[in-house]
Amino acid sequence: MGMLQTMKQAWKIPEMRKKILYTFAMLVVFRLGSNIPVPGINRALLTNMFDSNEAGLFGLFDLFSGGSFSNFTIFALSITPYITSSIILQLLAVAFPKLEELTKQGEEGRRKMAALTRYITVGLALIQAIGYTFGLFGNVLSDNSILSKIVIVLTLVAGTIFLMWLGERINDKGIGNGISLIIFAGIVSRIPTTISKTVSKVASGSVGIISVVLFLIFALLIIVGIILVTEGTRKIPVQYAKRVVGRKVYGGQSSHIPMKVNQAGVIPVIFAVSILQLPNTIAYMAPNTGFANFVTKYLSTSGNPGVYIMGVLEILLIIGFTYFYAAITFNPVEIAEQMKSNGGFIPGIRPGRSTAEYIQKVSSRLNVVSALFLAVVATLPTILQQLTTLSIGFGGTSVIIAIGVALDTMKQIETMMVMRNYSGFLK
């Protein structure tokens with residue numbers, strides 16, 4: 001109800017309404033493009049390929065593309081090359097001091113990092129487009145000429161570049177994180193199809209109504225748990241000493257450091273899924289090979305024991321990226337120094353190094369809870385699908401991303417409304 005109330009209030013403000021409509025229009029453009037097929041494709045052969053027993057391999061790709069990959073549309077590569085390039089740059093920034101300096105140079109540094117991200121994105125998109133056109137989708141082309149394949153490659157790369165531009169437009173003129181909202185739109189677009197398939201299975205008797213009810217209860221519990229963990233905050237009390245400057249007394253008040261339980265948000269899940277796509281991507285580029293058969297069996301959600309191996313790998317990657325992302329975005333030493341310079345201290349903890357160690361200790365404990373929760377929620381629904389006959393269509397990863405993006409977007413709307421109210425007050 002709080003979310004609906006916030007949207008209702010934002011809609012009454014002309015400036016906010018314009019931003020909301022702009023964001024919605026950009027997402028509509030994304031969904032329209034997701035239904036435009038690339039030229040030179042035999043649709044009948046494409047349908048047969050994805051209706052085969054290997055179709056389950058493409059779940060990770062369809063997660064981000066909203067079905068564009070399986071339909072081989074102009075947005076088939078989706079935004080995954082951009083996400084992969086972002087991961088690469090963040091990892092390189094830790095290893096190379098020059099890149100790390102760019103991240104600390106304010107607006108100018110962010111522009112340079114954004115430019116590097118775009119260049120790497122184009123390179124990765126080109127490699128993937130060539131691999132898919134000459135490899136995975138090579139047998140479904142209606143025209144096998146080199147010219148036709150070049151057109152398909154350029155179309156796929158242009159689609160990714162357009163999505164990258166679309167996300168940046170949303171960042172500038174809309175509301176929320178554009179890239180995250182594109183992923184969100186792709187995930188949400190699969191809900192009607194999933195509902196339709198479930199109803200058909202219930203009507204045919206292949207799935208019992210009790211199974212559906214139990215799943216809905218389980219899904220509701222997961223959603224509530226995700227919201228609680230995402231919104232959960234650990235407040236570290238801070239006391240500021242009194243300071244006398246001239247005839248005025250400053251400080252003396254109590255405050256706190258709000259530390260979110262899930263400091264990394266949905267980033268670890270997105271990063272983990274992107275990394276897990278890598279072996280499948282290589283396998284798709286070289287189908288019907290020994291490596292492709294190995295990936296199908298051991299490193300895909302359709303294989304056995306691949307589904308369990310993928311579950312374990314996803315858990316490990318989510319935990320690792322949770323700690324990694326928290327480490328590069330949260331600096332306890334800097335916070336402790338700022339508190340010390342302003343006369344602040346945590347009751348019972350010495351200012352300076354002891355304060356930094358205490359904050360780091362609290363952060364590590366929160367990361368344990370966050371990482372384990374995200375890992376379990378991301379993998380458990382997939383495993384349950386293997387134990388039941390109910391095909392959900394999207395797992396815990398999709399739910400975490402969708403809810404996380406929705407909450408982040410609502411927070412941005414609330415922040416923009418507060419800033420607008422303050423601006424009006426100051427005028």
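**Exercise 1. The sheet**

Task: In this predicted model, how many bridges join β1 to β4, and in which sense do the two strands run?

Solution: Begin with the pair itself, where β1 and β4 run antiparallel and are joined by 7 bridges. One of the positions that can be checked in the structure is T233, whose bridge partner in β4 is K260. Turn next to the other pairing of β1 (residues 233–240), in which this strand and β5 are paired in the antiparallel sense over 2 bridges. Here Q239 is the residue that stands opposite F345 in β5. Put together, the 3 strands make an open sheet with antiparallel pairing, and their order is β4-β1-β5.

**Exercise 2. Helix α2 against α9**

Task: Determine how α2 is oriented relative to helix α9 (residues 146–173), and state which residues make the contact.

Solution: The first step is the geometry: the two helices pack at an angle of about 170°, and their axes are 9 Å apart. Angles over 145 degrees count as roughly antiparallel, and α2 is therefore roughly antiparallel to α9.

**Exercise 3. Helix α2 against α10**

Task: What angle do α2 and helix α10 (residues 178–188) make, and which hand does their crossing have?

Solution: The angle between α2 and α10 is about 55°, with the axes 10 Å apart, and the two helices are therefore oblique to each other. As α2 passes α10, the crossing is right-handed. On the α2 side the residues involved are T23, L27, F30 and R31, and these meet L181, I182, A185 and G186 in α10. The class count for the contact of α2 with α10 is 5 nonpolar, 2 polar and 1 charged.

**Exercise 4. An aromatic pair**

Task: How many aromatic pairs are counted, and what is the geometry of the one formed by F30 and F75?

Solution: The count comes to 4 aromatic pairs. In the pair of F30 and F75, the ring centres are 6.1 Å apart and the planes lie at 20° to each other, an arrangement classed as stacked. Locating the two residues then shows that the pair links distant parts of the chain, since F30 belongs to helix α2 (residues 14–33) and F75 to the loop between α5 (68–71) and α6, 45 residues apart.

**Exercise 5. Helix α6 against α15**

Task: Describe the packing of helix α6 (residues 80–95) on helix α15 (residues 306–329), beginning with the angle and ending with the residue classes.

Solution: These helices pack at an angle of about 60°, and their axes are 12 Å apart; α6 and α15 are therefore oblique to each other. The crossing in which α6 passes α15 is left-handed. I87, Q90, L91 and V94 of α6 make the contact with F321, F324, Y325 and I328 of α15. Dividing the residues of this contact by class gives 7 nonpolar, 1 polar and no charged.

Definitions and conventions:
Residues are numbered from 1 along each chain as its sequence is written. This is a predicted model: local features need pLDDT of at least 70, side-chain atom pairs count only at pLDDT 80 or more; totals for chains, interfaces and linings use all residues. Side-chain values use heavy atoms; hydrogens and water are left out. Axes are lines fitted to C-alpha atoms, for helices over the stretch in contact, and angles run from 0 to 180 degrees between N-to-C directions. Helices (H or I, at least four residues) and strands (E, at least two) are DSSP runs, numbered from the N terminus. Angles under 35 degrees count as roughly parallel, over 145 as roughly antiparallel, 65 to 115 as roughly perpendicular and the rest as oblique. A crossing is left-handed if the near helix is turned anticlockwise from the far one by less than a right angle, and right-handed if clockwise. Contact means heavy atoms within 4.5 Å. Ala, Val, Leu, Ile, Met, Phe, Trp, Tyr, Cys and Pro count as nonpolar, Asp, Glu, Lys and Arg as charged, and the others, Gly among them, as polar. Two strands pair if DSSP finds at least two bridges between them. Rings of Phe, Tyr and Trp (its six-membered ring) pair if their centres lie within 6.5 Å; planes under 30 degrees apart count as stacked, over 60 as edge-to-face and the rest as tilted.
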